[in-house]
Amino acid sequence: MKPGRVLDIPAGGAVQSRALSNLGYRVVSVDLFPAAKPEPTSTWICADANDVLPFRDDAFDYVLSREGIEHLEDQMGFLRNCARVIRPGGKIVLTTPNLMHLSARASNFLTGQRNLRRGMINEIQTPRSRNPGGRRIYHGHAFMLDYFRARYMMRLAGFDHLEVYSDRWSPTSVAMSPIVPILWIAMKFSAAASARNARRPGHRPPRDDVTREIISHVLSPALLYGKRMIIVADRQG
C-alpha cells in the first residue's frame, strides 16, 4: 500500500508504528496507556478505543488495529469509529487471534475455549489492569470473535471487499488437513439449508456472491491453518 496517514490503534509498544514510520507512513499512535518510549516519528495520543475517537471524519488513509479488538467491550462502536475516520476508499487492516483454524475448533469442541492451555475466561484472571485514570479495565482475550462475527460487524460498519490472510501457521491444524473435505461438505450443507429456510414468508435469501465469499474465506488456508486472522477491507465511499 502506498504511504499515507495511518492510525495505529491500539499501538501497544509502538513496534508497528515505528516500522510504518520507517516505510514513509505518517503515523498517529493511540493506546489506552502512555507510551513507555515515545516515538519521535509518530504522534502518541492516550485514548480509549471503546469511546469516540478524537479525530475528524476522513482523517486517515489507513487504520491498523493489530491484536486489539478482542480486548474491547464495544467492538461494533470501535469499527464504526474506524470507518468514520478513514477516508472513502481507504483501508483497515485488522488482526485478531483466529478462532477458525482446525486446532482451535477442536479445542472449542472439547472445552469451549480456543486454546486448551490458556485456561477459562473468568473475572479473576482475565482482567489485566486499569488505565491510569482507573475508569477503564484492560481486559485480556475476553471478547474473542470469529470470522463470521468480524465480517458481519465490518460490513455493517461500512467496510467492503474483505480479504483474509494469516502470518503464522498452526502445525497441529496443518496435521489435521485430512478433515477439510468434511468441513467443505458441512459448509455446502449449511448454505443449502440456509437457502431453503429463506424461502419461508418474511425471510430473505442470501445473495450468491455473499455465500461464495463466506465459504471461500472460511475454507481458505489462512483461516484453516493460520493462528492469526488478518482482515483487510476498504471503507465504502
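E67 lies in the loop between β4 (60-66) and α2; helices here are DSSP runs of H or I with at least four residues, strands are runs of E with at least two, and both are numbered from the N terminus. The phi of E67 is near 50°, a positive value in a residue other than glycine. This is a predicted model, in which local features need pLDDT of at least 70 and side-chain atom pairs count only at pLDDT 80 or more, while totals for chains, interfaces and linings use all residues. Residues are numbered from 1 along each chain as its sequence is written, and side-chain values use heavy atoms, with hydrogens and water left out.

**Backbone geometry**

- Most residues other than glycine have a negative phi, and most peptide bonds are trans.
- H161 is not a glycine, yet has a positive phi of about 55°.
- H161 is found in strand β8 (residues 159-165).
- H161 is exposed, with a relative accessible area of 52%; exposed means over 50%, buried under 20%, and partly exposed in between, using a 1.4 Å probe and protein chains only.
- The peptide bond from I9 to P10 is cis, with omega near -5°.
- P10 sits in the loop between β1 (5-8) and α1 (15-22).

**Nonpolar cores**

- In soluble globular proteins, nonpolar side chains tend to be buried together.
- A nonpolar core is a set of buried Ala, Val, Leu, Ile, Met, Phe, Trp, Tyr and Cys residues joined through side-chain atoms within 4.5 Å.
- The largest nonpolar core has 46 residues, of which L7, F55, I92, M154 and F159 touch the most other members.
- Helix α2 (residues 75-85) supplies the largest share of this core, six residues.
- Another core lies apart from it, with nine residues, among them Y62, V93, I230 and V232.

- Contact means heavy atoms within 4.5 Å.
- Leaving out residues up to four places away in sequence, F159 touches L79, C82, A83, I86, I92, M154, A233, D234, R235 and Q236.
- R151 belongs to helix α4 (residues 147-157).
- R151 counts as buried, at 10% relative accessibility.
- With residues up to four places away in sequence not counted, R151 touches L162, V210, E213 and I214.

**Pockets**

- Rolling a probe the size of a water molecule over the atoms shows where empty space is left.
- On a 1 Å grid over the protein atoms alone, a pocket is an open set of points where a 1.4 Å probe fits, with protein on both sides within 12 Å along at least five of seven lines; lining residues have an atom within 4 Å of a point.
- The largest pocket has a volume of about 560 Å³; a volume is the space filled by probe spheres set on the grid points, which are joined across faces, edges and corners.
- Its lining has 23 residues, with Q113, R114, I121, H141 and M144 the closest to the centre.
- Helix α3 (residues 102-111) gives the most to the lining of the largest pocket, with three residues.
- The lining of the largest pocket divides into nine nonpolar, ten polar and four charged residues; Ala, Val, Leu, Ile, Met, Phe, Trp, Tyr, Cys and Pro count as nonpolar, Asp, Glu, Lys and Arg as charged, and the others, Gly among them, as polar.
- The second largest pocket has a volume of about 480 Å³.
- The second largest pocket is lined by 21 residues; H101, R114, N115, R117 and K227 lie nearest its centre.
- Two or more residues of that lining come from each of α3 and α5 (171-175).
- α3 gives the most to the lining of the second largest pocket, with five residues.
- That lining divides into seven nonpolar, seven polar and seven charged residues.

**Aromatic residues**

- A search of the whole structure finds five aromatic pairs; rings of Phe, Tyr and Trp (its six-membered ring) pair if their centres lie within 6.5 Å, and planes under 30 degrees apart count as stacked, over 60 as edge-to-face and the rest as tilted.
- The rings of F55 and F60 have centres 5.1 Å apart and planes at 85°, so the pair is edge-to-face.
- F55 and F60 are both buried.
- Y147 and F148 also form an edge-to-face pair, at 5.7 Å centre to centre with 65° between the planes.
- Y147 counts as buried at 0% relative accessibility, whereas F148 is partly exposed, with a relative accessible area of 34%.
- W184 is in helix α6 (residues 180-197) and is partly exposed, with a relative accessible area of 45%.
- W184 and V218 are 34 residues apart along the chain, with their C-alpha atoms separated by 9.3 Å.
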